Amino acid sequence: MLKAIQILGCSSGFISQRLKKPHSGNGFSLISSKTSYNSTPKSLSFRVIRMFSTPSQSNSDAPSSSSSSVAVHLAGNVRKIKFCQWCGGPAKHEIPDGEEKIRAICTLCGKIAYQNPKMVVGCLIEHDRKILLCKRNIEPSLGLWTLPAGYLEIGESAAEGAIRETWEEAGAEVEVISPFAQLDIPLIGQTYVIFLAKLKKPQFSPGPESSECCLFEVDDIPFDSLAFSSIFVTLNLYIEDVKSGKVKFHYGTIKKRLGTGPSDIRAFTLDYHLQV
């Protein structure tokens, strides 16, 4: 686990902070010299730039500090690409001239297959001081709660995609108010863009990918039954904003711990970069 981090303070520059032992409860601790998560999400407290950490079972669960400095990297799941998507020829896996990562290169036409991160867009919907959540009716995370969200499609803006996903998963017509959070997850090649939104009509119903939709009071959000770490972080940030009386835009990077399964949504650290 990291020994120390630097947190951006005010105009005085950088302030060194050390990781503290995570508290019990939701297994999620704020790295700060003064404040930390207590047993429930109700007591969150943040700084301008912060890092969260979950308890690790051993040091081997976390990536080593030298892993990011390895000269040769695989680009995504490049080894899974066996054939060319253009001509169907067999692919070889090597580093192209002038590049640093191993790519899948067609042995017939010579084209290189590049893998790029996917953008997930969704809405954090406020209604009567409650938040709309959907219980997933499909894998992954079947039976767990999430914000209505999904992959952005070609030809639509991020906001349009979030509105579409909300209709598909929650049968709700919404109006986007503002961007709320961007959360990058480099290990799995995803970027989440979540918008603050409101219902146009007080009507919603589960779509094919949801078994249930429900409005939750902030204090009743089912943190023990959330589907993804990105949703866990987003809702925690929202609760802190509500308590502070001002909803802000947040940007951070979720660093998933290697060697953990998708069901362990708290096996990560969060590098928190921006709060506007």
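Among contacts in the protein chain between residues at least 6 apart in sequence, 58% join residues at least 24 apart. The model is predicted, and the protein chain averages a pLDDT of 78. The chain has two helices and 17 strands, and 43% of its 276 residues count as buried.

**Confidence**

- A pLDDT of at least 70 is reached by 71% of the residues.
- Residues 1-72 have a pLDDT below 50. This stretch still has 145 contacts in the model beyond near neighbours in sequence.
- Where pLDDT is low, the predicted coordinates should not be read in detail.

**Nonpolar cores**

- The largest nonpolar core holds 33 residues, and the members that touch the most others are Leu124, Leu133, Leu147 and Leu235.
- Six elements each supply at least two residues of this core: the strands β9 (118-127), β10 (130-136), β13 (174-185), β14 (190-199) and β17 (268-275), and the helix α2 (229-244).
- Helix α2 gives the largest share of this core, with seven residues.
- Leaving out residues up to four places away in sequence, Leu124 touches Ile131, Leu147, Phe180, Ile194, Phe195, Leu196, Ala197, Thr234 and Tyr238.
- In soluble globular proteins, nonpolar side chains tend to be buried together.

**Surface**

- The protein chain exposes about 14700 Å², and carbon and sulfur atoms supply 52% of this area.
- Leu187, Ile188 and Leu258 make a nonpolar surface patch of about 260 Å².
- Leu187 sits in the loop between β13 and β14. Its relative accessibility is 46%, so Leu187 counts as partly exposed.

**Salt bridges**

- The whole structure contains ten salt bridges.
- Arg103 pairs with Glu99 in a salt bridge, with the closest N and O atoms 2.9 Å apart. Arg103 is buried because its relative accessible area is 14%, under the 20% cut-off. Glu99, at 24% relative accessibility, counts as partly exposed.
- Glu156 and Arg164 form a salt bridge through their side chains, at 2.7 Å from N to O. Both Glu156 and Arg164 are buried.
- Glu156 and Arg164 also belong to a network of salt bridges that links them with Glu165 and Glu168.
- Arg266 forms a salt bridge with Asp224, and the closest N and O atoms are 3.1 Å apart. This pair links distant parts of the chain, 42 residues apart. Arg266 lies in the loop between β16 (250-256) and β17, and Asp224 in the loop between β15 (210-217) and α2.
- The two partners fall into separate accessibility classes: Arg266 is buried, with a relative accessible area of 15%, whereas Asp224 counts as exposed at 72% relative accessibility.

**Loop residues and their surroundings**

- Glu209 is placed in the loop between β14 and β15. Its relative accessible area is 34%, so Glu209 is partly exposed.
- Setting aside neighbours within four places in sequence, Glu209 is in contact with Lys135, Arg136, Asn137, Ile138 and Glu169.
- Glu209 and Glu139 are 70 residues apart along the chain, and their C-alpha atoms are separated by 9.2 Å.
- Gln85 lies in the loop between β5 (73-74) and β6 (91-94). Gln85 is exposed because its relative accessible area is 59%, over the 50% cut-off.

Conventions: Residues are numbered from 1 along each chain as its sequence is written. This is a predicted model: local features need pLDDT of at least 70, side-chain atom pairs count only at pLDDT 80 or more; totals for chains, interfaces and linings use all residues. Side-chain values use heavy atoms; hydrogens and water are left out. A nonpolar core is a set of buried Ala, Val, Leu, Ile, Met, Phe, Trp, Tyr and Cys residues joined through side-chain atoms within 4.5 Å. Buried means under 20% relative accessible area, exposed over 50%, partly exposed in between (1.4 Å probe, protein chains only). Helices (H or I, at least four residues) and strands (E, at least two) are DSSP runs, numbered from the N terminus. Contact means heavy atoms within 4.5 Å. Patches are made of residues with over 30% relative accessible area and no salt bridge: like charges are joined within 9 Å, nonpolar side chains (Val, Leu, Ile, Met, Phe, Trp, Tyr) within 5 Å. Accessible areas come from the Shrake-Rupley method with a 1.4 Å probe; for residues, only the protein chains shown count as cover. A salt bridge is a side-chain nitrogen of Lys or Arg within 4 Å of a carboxyl oxygen of Asp or Glu. pLDDT is the predictor's confidence in each residue, from 0 to 100.
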